[in-house]
Amino acid sequence: MSNKDNVAIDVVDVKKHYGGVHALDGINIKVKRGKIFGLLGPNGAGKTTLVKAMTTLLTPDSGQITIGSIDAIKHPNEVRRKIGLAGQYASIDGIMTGRENIEMVGRLYHIDRKTVKKRTQEILERFDLVDAADRPAKTYSGGMRRRLDLGASLVGEPYILFLDEPTTGLDPRTRLELWKLIRQLNNEGMTILLTTQYLEEADELADYIALIDQGKLITEGTADELKAKLGDDIVEVTLSSNKKTPDCLKALEKALGNKPLLQPNGKTITAHAAKGTADLEAAIKALAKAKITPSEISLHRPTLDDVFLELTGKKTIQEESKNA
Amino acid sequence: MRNTALDIWIMTKRNVLRYRRIPTLMVFASIQPIMFLLLFNFVFGGAIDDDGNYAQFLIPGLIVQTMLFGGTQTSVGLAEDMKNGIVDRFKSLPMNRGAVILGRALADGLRNIFVAIIMISVGYLLGFELLNGVLTSIAGVFLITLFGFVFSWVMILLGLLVKDPESVNTASFLIVFPLSFASNVFVPVAGMPAWLQAFVANQPVTHAVNATRGLLVNGQNYDAIWKLAIWMTLILAVFMPLSIRQFRKAS
């Protein structure tokens, strides 16, 4: 990445603390132009704080942020002209209509009235909001609100789009719709940084993923690279109750020669299976010997879930999101 | 500069729209002061004012108190905006951040004018009368709402520090009640203990009430208008920059 023009976002050693808590503890990321960059981490990992720092909503204690070729800390207002932000709360005004919301944002970019009207109409058409355009936004469904939010973030024709948990709380079908829109925007050349707590989402959308936890970068790479870091296949055993969990952990450790990991539900256990099917067979035998009948046992390539559990050594991200 | 004016205009429009789209907001903004007006007039009126025209004394003061409460609503509204995320959007735009607050304060100023006119109208049913002609009365209403606008910055700073909309509401009572009751809104200062009189005679609400009574009823009270102008300048000079600074750094 020596070619400077190729880097849309450059974050160097950014720190931010609140009292004694290090929300951002020396983060470095580089986002290439035209790519989708996924910032993956559980609640409280520092994702939103990092997005706020990059979008000039807060000033970090130290470090550098360059957006395009602009120093975001020294020239925040110039950065604001170049970026769009859609937040996890779908930050729109419920009293105003969809059209008024987009027009208001456009006018606040100080674009002339005529252009704003034209762009607003285009956005409404593109995001399938024409029929609802003149209804108050508070009457919109969750999916419509997100589309409106996304649409409003585009009216200034930004060249980098920040999406902070764009699909949190949406039903699966609506989420797929939004994924499609995000991919389309990217295909047209938009650089997108999105945060998510869903591994599936990062896997699906992001060209490059940074895993963060407790304000620190844990690892980064493409989804495939991250999975390759884990290497081995995974044996996954699910028990019908957690009574025999300790026995099962012991039996698997003995049979497979590595320490199994217990998922937060207390019933699902995963372990490396370096020898593939041979290890699966060994696991089945060991469980039979210990008089444990699992409700499910399988062998699979590592998922991002496995990567996360392996690298942070704790709860999975999906479990976190259930508690949220 | 032109952009800043545009930002303020857009933000004011957004907040005025709120009152137009939800007429009940305006209704409730008027009902509480009217209720106070009726309660204080009929419950206290006979005991406080022997000559039987308490409304004439009460209404200018009560409008001032209503302006103080109006500041609370400005502050609560802002806290709600911060909570539901739209302020994050505004902050990501190349606009003047102060315009977000100023727009709300100005829109609420317009609402205050409306409420003041309603109160004067209801007052007429209770025997209240404007005695100084049209222009002076308009000046009175203007001064009273200007005071409301200035005071709203105190509540805005409070709201930005407290953050949670419901806490803002409760906290604001701790400011509005002492200021409006330890004043000459409801009763003449003469009956209060000396130590209290010292406070009452010098605090801004008393000057606001004196200035308003002067313009609406008694005839101009230049002394009160001057003192009020000094207070308003001080309040604005302190609380407006502090509020905008707090708003900029709040995240």
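Trainee: In what order do the 4 strands of the open sheet in chain A stand?
Mentor: The model is a predicted one. In it, 4 strands of chain A make up an open sheet whose pairing is antiparallel. The order of the strands is 12-13-11-14.

Trainee: Which are the edge strands of that sheet?
Mentor: An edge strand pairs on one side only. In the order 12-13-11-14, that applies to strand 12 (261-262) and strand 14 of chain A.

Trainee: Which residue stands opposite A:L261?
Mentor: Strand 12 of chain A runs antiparallel to strand 13 of chain A, and 2 bridges join them. The residue in strand 13 that stands opposite A:L261 is A:T270.

Trainee: Why do the buried residues of helix 10 of chain A line one face?
Mentor: An α-helix has 3.6 residues a turn, so residues three or four places apart point the same way. In helix 10 of chain A, A:D279, A:A283 and A:L287 are buried. They line one face of the helix because, seen down its axis, the buried residues fall within an arc of 75 degrees.

Trainee: Which exposed residues does the face of helix 10 of chain A turned away from its buried side carry?
Mentor: The buried side of helix 10 holds A:D279, A:A283 and A:L287. Turned away from that side, the other face carries A:T277, A:A278, A:K285, A:A288 and A:K289.

Trainee: How far does helix 10 of chain A reach from its first C-alpha to its last?
Mentor: Helix 10 of chain A spans residues 277-289, which makes 13 residues. At 1.5 Å a residue the expected reach is 18 Å. The reach in the model is close to that, at 18 Å.

Trainee: Are the residues of strand 6 of chain A buried or exposed?
Mentor: In a regular strand the side chains alternate between the two faces of the sheet. In strand 6 of chain A, A:I83 and A:L85 point one way, and A:G84 and A:A86 point the other way. Whichever way they point, these four residues are all buried.

Trainee: Which residue stands opposite A:L85?
Mentor: Strand 6 of chain A is joined by 4 bridges to strand 7 (residues 160-164) of chain A, and the two run parallel. In strand 7, the residue opposite A:L85 is A:F162.

Trainee: Which element gives the most to the side of chain A that touches chain B?
Mentor: The contact takes 24 residues from chain A and 20 residues from chain B. On the chain A side, helix 2 (76-80), strand 6 (83-86) and helix 3 (98-108) each supply at least two residues. The most, 4 residues, comes from helix 3 of chain A.

Trainee: How do the residues on that side divide into nonpolar, polar and charged?
Mentor: Chain A puts 24 residues into the contact with chain B. They divide into 13 nonpolar, 6 polar and 5 charged.

Trainee: What ipTM does the predictor give the complex?
Mentor: The complex has a pTM of 0.83. Its ipTM is 0.87.

Trainee: Where in chain B is confidence highest?
Mentor: Chain B averages a pLDDT of 91, and 98% of its residues score at least 70. Confidence is lowest in helix 2 (residues 23-48) of chain B, at a mean of 87. The highest mean, 95, belongs to helix 5 (residues 98-125) of chain B.

Trainee: Why does A:H110 count as partly exposed?
Mentor: A:H110 lies in the loop between helix 3 and helix 4 (113-126) of chain A, and its phi is positive, near 65 degrees. A buried residue has 20 or more other C-beta atoms within 10 Å, and an exposed one 12 or fewer. A:H110 is partly exposed because its count is 16.

Trainee: What is the phi of A:E157?
Mentor: A:E157 is found in the loop between helix 5 (142-152) and strand 7 of chain A. A:E157 is partly exposed, with 14 other C-beta atoms within 10 Å. Its phi is positive although the residue is not glycine, with a value near 45 degrees.

Conventions:
Residues are numbered from 1 along each chain as its sequence is written. Chains are lettered from A and ligands numbered from 1 in the order in which they are written. This is a predicted model: local features need pLDDT of at least 70, side-chain atom pairs count only at pLDDT 80 or more; totals for chains, interfaces and linings use all residues. pLDDT is the predictor's confidence in each residue, from 0 to 100. Two residues are in contact if their C-beta atoms, placed from the backbone, lie within 7 Å. Ala, Val, Leu, Ile, Met, Phe, Trp, Tyr, Cys and Pro count as nonpolar, Asp, Glu, Lys and Arg as charged, and the others, Gly among them, as polar. Two strands pair if DSSP finds at least two bridges between them. The expected span of a helix is 1.5 Å times one less than its number of residues. The arc is that of the directions from the helix axis to the C-beta atoms.
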